[in-house]
Every structure is written in structure tokens, then in C-alpha cells.
Amino acid sequence: MTAVRDRSQEPSWDPARQISVDHRSPVPLYFQVASQIEEAISSGALPVGSRLDNEIELAGNLGLSRPTIRQAIGSLVDKGLVVRKRGAGTQVVFNHVKRSLGLSSLYDDLSSIDQRPTTSVLVNEIRNPPEEAARALGLSEEDEVRHLERVRFARGEPIARMHNYLPAALISPSDEALAERGLYQLLRSAGVHLHAAQQTIGARSATDDEADLLDEPAGAALLTMQRITHDHTGTIVEYGTHVYRASRYTFDLTLRGDS
């Protein structure tokens, strides 16, 4: 009987056929290989779950030495993009998300770069705000706010834990709506015109709870973000405090000099 090869995890982008190396270039050969594989992962051409040829096969197909390929794959392992699995070869596990800073939601940003965002809604309730949220919204701790807590996923991997506080009467989204759409989409659909925001970015270690939700070891590095958002009248409509996996997520900023 002829064996049937399982192609369910084979990438449509084949490194053996589509990587090109320039032996005359001053760029190290391993780096040329690694950067082309990384670009394919970032673009989605090599999706999560794709398996690469083993090092011997890849070296032979590219006409390179096995140590060169091992160094290239090792650099991708160090970045958390691929893992070596005994008996399964090298497998893509995640593509690092870069997010440009702007007045947009994480859901919209992930959708725009084909990261297939999904959401787990943990909390959707009316409550009295904690002191920090009350101060940010210009309310008292006796006022009511809508508190949302969600975990956002990109291509099935947890990427961020998000707490948002809004004036209680602003919107009343269902859990289903929050799971299917971004918060800013829901606000705009309700006639809220988002105009400006103040945002602070920092870093800290993950708590045990955060590490569990985000599939990170306890104490792992997290990026933090706090945002106060205003509508077109200057009214504060949202206070958000989010944490992101530093191993899977970065903020991108464009800086310009004097004109």
C-alpha cells in the first residue's frame, strides 16, 4: 500500500524553493535565510502550525551547510517565531505583532494585518469604578461605569488582557457583540465620535493570573498601556488599561525631525 503524506501542515510558501541567498553579499548567509523566513511568517505566508523541512534537507536544497541552517533556525527560535519539536521538525508557533500607535482599537489593528482577532469576554458589568478609573474618567467612586475585561487573541494565541471603563450610559454591548467586534467599532456604531487620546506605555512583570491568561511564565515581561479617550466635544468616553505579551507584541512609533 502506498503511504499517503499528510499535507495539512505543509506551508504554501516553501523555503526550499523560495529562499534566495547571495554568496557575494556581506550579509551573513544564516541571516539571509532567517530574515526571509521571518518575513514569510510576518506576512502570513507561513502560518502558525506550518512545518519546515529538517535542517539537513533545507541545507541540501539551498546549497548551504547544516551549521548555517542551524544558526538561521536558532535565531528564529530565540525570537519565539518557531520551535523545534522532537519527531515533528521545526514548526511556526507565532508571528510577532507590531502595532503602530494611533487612535484605533487592538481589534481593528489586528484585523488590518490579517491576524484574525478573537476575544474572550471575562467581565461585562455595571459597577462603581476603582479610584484610578474614577479619576481618569472625571467621576466619583460612587458613580457607575461599565467595566469590561477581555482577553484578545491573534491567530489563536493570547496577545493582551484588557480592562476598559466607560460611562455607564454610553453603550450597553452584549458579550456576543464584544466577542465579535472591537470596542471602538461599537462606540462608533453608537454615534460616539472618537477624537483624541492620552496614552502612556510602560512595562512590568506578569502576575500569576496574567501569566496564566496569556500563556506566559510567571514574572514574564509585559508591556503596559493606559489610555484616556475623548470624543469630539472633549468628553472623556473611555479609560483603558491593558497588558500585552512582550514576547509577541511591540508598539511602533514614527518619529520626525524638524521640518
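What covers the buried residues of α3? The cover includes α1 (15–18), α2 (29–43), α4 (66–78) and β2 (82–85). The model examined here is predicted, so local features need pLDDT of at least 70 and side-chain atom pairs count only at pLDDT 80 or more, while totals for chains, interfaces and linings use all residues. Residues are numbered from 1 along each chain as its sequence is written, and side-chain values use heavy atoms, with hydrogens and water left out.

Helices (H or I, at least four residues) and strands (E, at least two) are DSSP runs, numbered from the N terminus. Within α3 (residues 55–62), the buried residues are Glu55, Leu58, Ala59 and Leu62; buried means under 20% relative accessible area, exposed over 50%, and partly exposed in between, with a 1.4 Å probe and protein chains only. These residues span an arc of only 100 degrees around the axis, which places them on the same side of α3; the arc is that of the directions from the helix axis to the C-beta atoms. The face turned away from this buried side carries the exposed residues Ile56 and Gly60. At the start of α3, a side-chain oxygen of asparagine 54 comes to within 3.1 Å of the backbone nitrogen of isoleucine 56. Glycine 63, with a positive phi near 70 degrees, follows the helix.

Turning to the strands, six of them form an open sheet in the order β5-β6-β7-β10-β9-β8, with antiparallel pairing; two strands pair if DSSP finds at least two bridges between them. At the edges stand β5 (117–127) and β8 (194–205), each with a single partner strand, so one side of each has no neighbour in the sheet. From one strand to the next, the twist averages 15 degrees, where axes are lines fitted to C-alpha atoms, for helices over the stretch in contact, and angles run from 0 to 180 degrees between N-to-C directions. Ten bridges join β5 to strand β6 (residues 145–154) in the antiparallel sense, and asparagine 124 stands opposite leucine 148 in β6.

Charged side chains come next. The structure holds ten salt bridges, each a side-chain nitrogen of Lys or Arg within 4 Å of a carboxyl oxygen of Asp or Glu. One of them joins glutamate 157 and arginine 245 (3.4 Å, N to O). Glutamate 157 belongs to strand β7 (residues 157–167) and arginine 245 to strand β10, so this pair ties together parts 88 residues apart in sequence. Both partners are buried, arginine 245 at 3% relative accessibility. The side chain of arginine 245 also reaches the backbone oxygen of proline 158 at 2.8 Å and makes a polar contact with the side chain of glutamate 216 (2.9 Å).

A further salt bridge links aspartate 209 and arginine 161 (2.9 Å, N to O). Aspartate 209 sits in helix α9 (residues 208–214) and arginine 161 in strand β7, so the pair connects parts 48 residues apart in sequence. Here aspartate 209 is partly exposed at 41% relative accessible area, whereas arginine 161 is buried at 11%. Aspartate 22 and arginine 24 also meet in a salt bridge (3.7 Å, N to O); aspartate 22 is partly exposed at 33% and arginine 24 exposed at 78%.

Terms used. A polar contact is a pair of N or O atoms within 3.5 Å; within protein, one must be able to donate a hydrogen and the other to accept it, and residues adjacent in sequence count only if both atoms are side-chain atoms. Contact means heavy atoms within 4.5 Å.
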